[in-house]
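Subject: Structure handover

Hello,

Here is the structure I promised to pass on. Please open it next to this email and follow along.

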Amino acid sequence: MRDPLDTALRLTRAHGALVRQLDSVLSNRHGVSYADLQILLHLGAAERGRMRRVDLAAALGLTASGVTRALGPLERIGLVERESDPRDARVAYAALTGTGRELLEEMTASAEEVAEDWFTAACTGAEVDTLGRLLAGLGGRGRPRTTRATDA
């Protein structure tokens, strides 16, 4: 029996449960949240490990002020730094620091472990692949693609 609302509710509940699990593991192991991981993933994939704040906001689905609030704690703990554009004072970048890059690697490994455990408990590998394709068809985006020329 086709019931799109039931499916939507199941999807949002599963999403919430997975986010809570990711938040718990990332917080306990690394002192950061799942939302922080998303920011660092985008910066880590960006050319030279930095993005204009406005572009980061768009990638995350946040407002400019929302991304500023989200970056504040990451800047205070030294994972991200603010960079100015020497040619245009109106442009501000968020840049991943060396410490941020190291923590991102550790956080990514933890998040991969959580995701592997989460899906292995209920799905086959083929089902996970199918789910990924279905979510992509609905506009879901996965890991940000690396735009850097090198991994420097």
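A question to start: does T97 count as buried or exposed? T97 counts as buried, because its relative accessibility is 14%. The cut-offs: buried means under 20% relative accessible area, exposed means over 50%, and partly exposed lies in between, with a 1.4 Å probe and protein chains only.

Some ground rules before the rest. This is a predicted model, where local features need pLDDT of at least 70, side-chain atom pairs count only at pLDDT 80 or more, and totals for chains, interfaces and linings use all residues. Residues are numbered from 1 along each chain as its sequence is written, and side-chain values use heavy atoms, with hydrogens and water left out.

**Overall layout**

The chain has 6 helices and 3 strands. Both are DSSP runs numbered from the N terminus: helices are H or I with at least four residues, strands are E with at least two. Along the sequence, the pattern reads α-α-β-α-α-β-β-α-α. The C-alpha atoms fill a box of roughly 60 × 30 × 30 Å along the principal axes. The chain has 152 residues, and buried ones make up 32% of them.

The 3 strands form an open sheet in the order β1-β3-β2, with antiparallel pairing. Strands pair if DSSP finds at least two bridges between them. β1 and β2 stand at the edges with a single partner strand each, so one side of each has no neighbour in the sheet. On average, neighbouring strands are turned by 30° against each other, direction ignored.

Now the pairings. β1 (residues 50–52) is joined to β3 (residues 88–96) by 3 bridges. β2 and β3 form a hairpin, with 2 residues between them.

α3 lies across β1, β2 and β3 and runs at about 90° to β1. For these angles, axes are lines fitted to C-alpha atoms, for helices over the stretch in contact, and values run from 0 to 180 degrees between N-to-C directions.

**The core**

The largest nonpolar core holds 27 residues, and L40, L43, L56 and V80 touch the most other members. Such a core is a set of buried Ala, Val, Leu, Ile, Met, Phe, Trp, Tyr and Cys residues joined through side-chain atoms within 4.5 Å. The elements giving two or more residues to this core are α1 (4–30), α2 (34–45), α3 (53–60), α4 (64–76), β3 and α5 (98–120). α5 gives the largest share, 5 residues.

What does V80 touch, leaving out residues up to four places away in sequence? The list is L40, L43, L71, L74, E75, A94, A95 and T97.

**Back to T97**

T97 is in the loop between β3 and α5.

α1 has 27 residues and reaches 37 Å from its first C-alpha to its last, close to the 39 Å expected. The expected span is 1.5 Å times one less than the number of residues. Its buried residues are G16, L18, V19, L22, V25, L26 and H30. They pack against α2 and α5. G31 follows α1, with a positive phi near 75°.

**One more loop**

L62 sits in the loop between α3 and α4. It counts as partly exposed, because its relative accessibility is 39%. Beyond residues up to four places away in sequence, L62 touches A57 and V67.

Over to you.

Definitions and conventions:
Contact means heavy atoms within 4.5 Å.
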